[in-house]
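Dear colleague,

Please find the structure for your study below.

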Amino acid sequence: MLLSFMLIYRCFVTCKVIAERAKLPVIPPYLHPRKRNYQNIYHGVNFASAGAGVLSDTFQGLVIDLRTQLKYYKREVAQLKSQKGHSNSSTILSSAVYLFSIGTNDYISPFLLNSSLLASYSHSKYVKMVIGNLTIVVKEIYKNGGRKFRFLNLGELGCLPGLRILRPETKGGCLEEASDLAKLHNKALHKLLSKMKQQLHGFKYFIYDFNTNLNQKITQPLQYGLKEGKKACCGTGLFNGIFSCGGKRLIKEFKVCENPGEFVFWDSYHLTERVYKQMADQMWSIGIKKLFQCF
């Protein structure tokens, strides 16, 4: 029996594709209001929270931060052990695949909220805080039996439509400060996981290069069957970068393109379903499949 704990921010399309490839049912959100069926946890648990960050201060009060997701994870581990016993639960937990896609919001939120946070820390120190908190969570999962992990690195955050429009002086170019933070994060993440593999017995990981793959689609969309790599399908303003899609925010006006499948970005910060599916298929074929098969 395979268990897949998922601690993921933007999960649905990606997780759906991966679940299909792994012959698992689509995993509902952990706090879904329907009555929980503990038989389902052997297929996986999805702790994802839209807008969540590694740091507890990121969009605090609006999301379930990673530390709280870890608390929910430990609750499920305790339930699993009470149901299956120590030996069986250890086998399940060690064969599980733990999927992480988190960090983006920690770096873009200071820009979106016009926060002075980044003025209080050097870029390297701020990245160290994010990676340090992520390290604690990964080591706790390892301590509880986790051995197989998949991570996404971060894309060039400054090239998101919602960040391109923040500095008029860039004339629609990428916001380099945000992209530089993502680059520092990606280097630190690679270093962290390499070190963990050396220090933690049985620790296996795969990093999907989200950065390179997204950058290729932004700069060369035609090669991926797309037509527009910079402008969002839904929103308003330059590049449709104002986060108004759906009309439920401060700015109600928004436009929607006729064919979202031709765009890289759905709205100011999220990719289209087509692009998420392309990436999920690639994740599966070049790395995640091996983790599911490796015991």
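Predicted model: local features only at pLDDT ≥ 70, side-chain atom pairs only at ≥ 80, totals over all residues.

Residues are numbered from 1 along each chain as its sequence is written, and side-chain values use heavy atoms, leaving out hydrogens and water.

Disulfides

Cys159 forms a disulfide with Cys174, the sulfur atoms being 2.1 Å apart. A disulfide is a pair of cysteine sulfur atoms within 2.5 Å, and by this rule the count comes to 3 disulfides. The torsion about the S-S bond of Cys159 and Cys174 is about 105 degrees, so this disulfide is right-handed. Cys159 lies in the loop between β4 (148–152) and α6 (161–164), and Cys174 in the loop between α6 and α7 (176–199), so the pair ties together parts that are 15 residues apart in sequence. Helices (H or I, at least four residues) and strands (E, at least two) are DSSP runs, numbered from the N terminus. Cys174 is also buried, with a relative accessible area of 18%.

A further disulfide joins Cys234 to Cys245, with 2.0 Å from S to S. Its torsion about the S-S bond is about 95 degrees, so the link of Cys234 and Cys245 is right-handed. Cys234 lies in strand β7 and Cys245 in the loop between β7 and β8, so parts that are 11 residues apart in sequence are tied together. Both Cys234 and Cys245 are buried.

Cys233 and Cys257 form a disulfide as well, their sulfur atoms 2.0 Å apart. This link of Cys233 and Cys257 is left-handed, with -95 degrees about the S-S bond. Both of these cysteines, Cys233 and Cys257, are buried.

A pair of helices

The axes of helix α3 (residues 104–112) and helix α5 (residues 123–143) come within 10 Å and cross at roughly 135 degrees. Axes are lines fitted to C-alpha atoms, for helices over the stretch in contact, and angles run from 0 to 180 degrees between N-to-C directions. The helices α3 and α5 are therefore oblique to each other; angles under 35 degrees count as roughly parallel, over 145 as roughly antiparallel, 65 to 115 as roughly perpendicular and the rest as oblique.

Yours sincerely

Methods
Buried < 20%, exposed > 50% of the residue type's maximum accessible area, 1.4 Å probe, protein only.
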